[in-house]
Amino acid sequence: MKLAFSAADEAFRQAVRSFVREQLPGDIRCKVELGLRLEQADYVTWFNRLEARGWLTPGWPPEHGGPGWTHLQRFIFDEECLLGGAPRIIASGIQMLGPVLIAFGTPEQKARYLPDIRASRTWWAQGFSEPGSGSDLASLRTTAVLEPDGRHFVVNGHKVWTSYAQWCSMMFALVRTDPNAAKPQEGISFLLIDMTSPGLTVRPIRMLEGGSDLNECFLDNVRVPVENLVGELNQGWTCGKYLLGHERTGIAGIGSCKQQLARARQLAGQQGLGEDALLRALLQARLAQFEIELVALEATALRLLAPGQRSRVPQVEASMLKVRGTELRQAIYETLLDIAGPDALPFSAEAQFLEQLDAADDAPVTPELASVAANCLDARKLSIYGGSNEVQRNLIAQAVLAAH
């Protein structure tokens, strides 16, 4: 396989690289490069600049505001944004709900919600996981009962691990509308829920690294208009599978791997490991192994993106990329932690920490090291969300055996 990009693709890469360099605010780039926590305003600032260029929704078709890129251009765009220090596009409305509405939504739903997603006026929470129903999503227990007049669903249940729900005004959720269906998947529907509705409560979950980006959402007799049903009643599993395919493909995070591997090389030089020949050799061997594995992962992704490529098991391509990409990122973060050593520990409030740096009399911990422990702890979630890697391996094995 020839991994050389065409002249047109290289020209596109340079255009993206120039845009990121010129349009990304320096304070946001600094936060990303240091691994510090971003606020919603940081994301919105960057998203608005992408939208002004027509680049915020690369996975959407042109008639709905997408740029009309090829899969390879989207790959290049994601990589160059991350390598340039730009925030990831984390908004679930852009990455997940938008493609679902375009594929399954009514004309009224598309007209009402898609423009607000592109303008970052509405942020959407993903109401999928529940206590006891994470990777086994078909076992979810949140119910939606249609009122006798047929105008509203009444939703009761408990969603968990809801990322950035504190910033969201709407939620897209899988709910059980037919508890007597022959198969669990056949009784699930896809609803759009206003998070300001009476009976909906959001409670933050404190994470290991000190953040609270994850939340629990409690729904107690929440009334949802029937026109907020996406697709057909009891056919929400089709929407959910379509959405998860989009989510897992992006989770591979090849650009993030490259970004953090470069960070590891930089920190290794700053930490003076060159004084110990054995440590230097061991670290160089580990970083070289990551480089090899990253080249293999990228080759796999590019092969799947190649025009006319047909896989014998296309349904598991996203799972393959998700498993390998997330575990590679975790290994790189663990190496960053090894490089930083005890200096990685201070991962409390960034503002207080930076003030301590200014006031310290002795040699302080550098900002480049201050977030390493937090980043490593946060990376533990990579192999869990979007369907745990253990479950993904089962799906891959089943598909491969079925193909033979």
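# Briefing: helix packing and selected residues

S120 counts as buried, at 11% relative accessibility (buried means under 20% relative accessible area, exposed over 50% and partly exposed in between, with a 1.4 Å probe and protein chains only). The model is predicted, with local features requiring pLDDT of at least 70 and side-chain atom pairs counting only at pLDDT 80 or more, while totals for chains, interfaces and linings use all residues. Residues are numbered from 1 along each chain as its sequence is written, and side-chain values use heavy atoms, with hydrogens and water left out. The protein contains 14 helices and eight strands (DSSP runs numbered from the N terminus: H or I of at least four residues for helices, E of at least two for strands).

- The protein has 404 residues, of which 47% count as buried.
- Among contacts with a separation of 6 or more, 75% join residues 24 or more positions apart (contact means heavy atoms within 4.5 Å).

**Packing of α5 with α6**

- Helix α5 (residues 92-104) packs against helix α6 (residues 107-118) at an angle of about 160°, and their axes are 10 Å apart (axes are lines fitted to C-alpha atoms, for helices over the stretch in contact, and angles run from 0 to 180 degrees between N-to-C directions).
- The helices α5 and α6 are therefore roughly antiparallel to each other (angles over 145 degrees count as roughly antiparallel, under 35 as roughly parallel, 65 to 115 as roughly perpendicular and the rest as oblique).
- Their crossing is left-handed (the near helix is turned anticlockwise from the far one by less than a right angle; clockwise would be right-handed).
- From α5, the residues G93, I94, L97, G98, L101 and I102 meet Q109, K110, Y113, L114 and I117 of α6.
- The residues of this contact of α5 with α6 comprise seven nonpolar, three polar and one charged (Ala, Val, Leu, Ile, Met, Phe, Trp, Tyr, Cys and Pro count as nonpolar, Asp, Glu, Lys and Arg as charged, and the others, Gly among them, as polar).

- Helix α8 and helix α9 (residues 277-305) pack at about 165°, with their axes 10 Å apart.
- That angle makes α8 roughly antiparallel to α9.
- The crossing of α8 past α9 is left-handed.
- On the α8 side, I254, C257, K258, L261, A264, R265 and A268 take part, meeting L283, Q284, L287, A288, F290, E291, L294, L297, E298 and A301 in α9.
- By class, the residues of the contact of α8 with α9 are 12 nonpolar, one polar and four charged.
- Helix α8 (residues 254-270) also packs with helix α10 (residues 317-340), their axes coming within 10 Å and crossing at roughly 15°.
- The helices α8 and α10 are therefore roughly parallel to each other.
- The crossing of α8 past α10 is left-handed.
- In this contact, S256, C257, Q260, L261, R263, A264, L267 and A268 of α8 meet G325, L328, R329, I332, Y333, L336 and I339 of α10.
- The residues of the contact of α8 with α10 comprise 10 nonpolar, three polar and two charged.

**Residues in α3**

- E51 is placed in helix α3 and counts as buried at 18% relative accessibility.
- Leaving aside residues up to four places away in sequence, E51 touches L56 and R118.
- R53 lies in helix α3 (residues 40-53) and is partly exposed, with a relative accessible area of 45%.
- The C-alpha atom of R53 is separated by 9.3 Å from that of P67, 14 residues apart along the chain.

**C376 in α13**

- C376 belongs to helix α13 (residues 372-378) and is buried, with a relative accessible area of 10%.
- Beyond residues up to four places away in sequence, C376 touches Y333, E334 and L337.

**Loop residues with positive phi**

- Most residues other than glycine have a negative phi.
- S120, in the loop between α6 and β1 (124-127), has a positive phi near 60°.
- N234, in the loop between β8 (229-230) and α7 (236-251), has a positive phi near 70°.
- N234 counts as buried, at 17% relative accessibility.
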